[in-house]
Amino acid sequence: MDRRSFLLSLACTPVLLSLLPRARAGCPSCLPVFKDVTARSGINFRCNGSPTTQKYLIETMPGGVAMFDYDGDGRQDLYFVNSARLDEPMPPGKAPDKSDPRFWNRLYHNNGDGTFTDVTEKAGVRGHSCGMGVAVGDYNNDGRPDLYVTNFGRNILYRNNGDGTFTDVTEKAGVAGAGWSSSACFVDYDRDGWVDLIVSRYLEWDLQTNPWCGPREPGYRGYCHPATFKTITHLVYHNNHDGTFTDVSNECGIGKAPGYGLGIAFNDYDRDGWPDILVANDNIPEQLFHNLGNGKFEEIALERGLAYDEDAHAFSGMGVDFADYDNDGWPDVFIGALSNEKYALFRNLQGMFQYVTGRTGVGEITMTHSGWGLKFIDYDNDGWKDLFVAQGHVMDNIQLSSPSLRYMEPMLMMRNNRGDLVDVSKASGEPFRVPRASRGAAFGDLDNDGFIDIVVSCLNGPALILHNEGGNGNHWLSVNTIGTLSNRDGIGAKIRIVSGAGLEQHGYVTTAGSYQSASDKRVHFGLGQDTTTQLLEVTWPSGKVQTLTRLAADRILTVKEPDK
Amino acid sequence: MGVALLRQGRTFASIRELRRALELADTPGTHLVLAETYMFLSQRQFFQEEIAATLARAPEQPGAHYLSGLYHYLMENNWGKAVEDFRQELVHNPGHFQAVCYLGLCLKALGETDRAERTFLDAVKVVERDKLQSDLPFQLLASLYLEGSHAADALPFARRAVELAPKSPRDLLLLGKAAWGTGDQATAVSALEAAAEFDPTLADAHYLLSRIYVVRGEVAKAHQQVNLFKRCKELYNDK
């Protein structure tokens, strides 16, 4: 046994595990654990991928989950996207069938007592087609978050009616798209006060052109590599302010750069005030679309150092997040990838990106894993954003060709130790020890206790509700923005806070990121032992800057944009 | 004659001469060279027949299992079978350091990184003990450590590889990566510039140089290297 294996085996022993710090009140350096509260929540969602021996690629890619407050009661509700039934094989001309309730998308209302109620039928959001992902945004500025569901097939825009129901307004809005859509985001890219819609599409594929990939031996057929198929363009819909959108994909430039898009996120990488769009592509260079501020974008990932890993290799980009993990005010990038590629962590050096996967510890931790839903979250409220990843290989028979890899993998939590990432999964609770085929993940505070919870959608398995038990005594502040001149949700607002002890942090209002998923739009800050913040500064998409001082911690603060 | 023709890349002429040689004297060595020729031509069945003929005549024929292992590794990606072959070769021929190296590569391909590491270290020992001028095991170890994000572990092996093959672009590239990973910018830049000089088509050297120049604030140089990288990708790589 070599040195590394020996240390690894030691790390797994109960003796050492018992020495790892656990959270308890007044122990700021202790680590919170997550508890699986799925059974208690009443949520029994299962993303049914409908696996066949035909290895249709759509079987293994869903699905997403959204955490959002659809009824405005202050509690985060959940929406899960489901796949559809596939025949073995699919007859020519037949589409995936979603009629069976086991394949419906599901909306769960948060009852506020740790339980949820399935309100799918009343809400009218069961979906159609083979579902993939979901985006959340208030496209009509009525104060009620709407849903956009991506599919293999036509996508769906559900307008939130404000009475617990939704209306499919896709046709009127003109945002159905076509082909295979994966992740999407609502972003006010032209800062006109209305969120627009951007959709990453995966590839050109259909059920009738599904070649055999992998060895021609029983059980060895695999899902095809994306390079087997053609790339496809991403979609950009500009909001016309009247309930309709205009497809400006080509005109804005993004549609001229096709890819194998799986994940999407946005932030202002160069701090010029305009949101830039990042698309995680599968096995071709990643794409960073720089917003030129005139309705047009320029793809600049290579020049900025984001296209490849440090060996100049493209990797299988899946989930993605775009946030400032090192508290320097410049948003960094994290992208999940397949096993043997390492997840990519890029540090933003004032507009240029440096691949820091190796030097931060991420490379060694993630070498053999495959990452989908992910996000920078400060799960221990110490003021430094950590990294969570929902994992699992894309191939359900990967072990046949690569005996050391596994289809189902436990989830990963990496704690941010002032810029270095440390694997704390084993100390994060029992759910982190169970292998799953995890896909989408959403993040937010389900019970408003100040510690970020996680919801994971698992392929062909039960979804997972992870309650962050907190308990380390660290303080926090959650900021809920309401735009007036800016879009109603304040999507794209930048928030800078300075804690009582002087730690500066930067947040960004977005529901996007992760994989095919949407998260709580409130911006969460861990404050460590500080019970106040010296300063909170909001830079609204309208350009207005709002400053609040001496704020007490441990609360959800609603900040409304001054309308003059 | 058959061997000489094979080394010149004249495979069909080589086969004719080797067949004629077999008519004169049916030796295991001739069958082995024929097998090698068929491997180059991806002729699986003929290759296997010749390997079988070799081993039937001389079960301990040096190189037979090695060649079979190469075939399984390079032509069929059948790493498990290749492992068996290389192990068999080493039973009869323990000093065959290339067999050790390929055994390590197969283990790496199977995801058995720790065993691959130990195997490459064994190859290093063989090369050092026998005073062979081969950079291969050092190069493989440095690569393995870099892939696992262990730049500090990679550095001494990358240095030794460059000592043994100072004009190898691949070794210089590895030294550049290892040095960069350990924060030694000066060594990284000089190694990467040398790698790119010896092989201007080495896209990853240009790319890493561009990233280092960015960190150093040398924007013009970074831009130049990005352009060279793009050009290499366009000309030599489809990704």
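Reply: Helix H9 of chain B covers residues 136–147, helices being DSSP runs of H or I with at least four residues, strands runs of E with at least two, numbered from the N terminus. Its 12 residues should span 16 Å at 1.5 Å a residue, and the end C-alpha atoms are 16 Å apart, which agrees; the expected span is 1.5 Å times one less than the number of residues. This is a predicted model, in which local features need pLDDT of at least 70, side-chain atom pairs count only at pLDDT 80 or more, and totals for chains, interfaces and linings use all residues. Residues are numbered from 1 along each chain as its sequence is written, chains are lettered from A and ligands numbered from 1 in the order in which they are written, and side-chain values use heavy atoms, without hydrogens and water.

H9(B) is largely enclosed by the rest of the structure, because 10 of its 12 residues are buried, that is, under 20% relative accessible area with a 1.4 Å probe and protein chains only, where exposed is over 50% and partly exposed lies in between. The buried residues include Pro137(B), Phe138(B), Leu140(B), Leu141(B), Leu144(B), Tyr145(B) and Leu146(B). Gln139(B), Ala142(B) and Ser143(B) are also buried. After the helix comes Ser149(B), with a positive phi near 65°.

As for the other chain, chain A has 9 helices and 35 strands. Of its 564 residues, 64% count as buried. The C-alpha atoms of chain A fill a box of roughly 65 × 65 × 50 Å along the principal axes.
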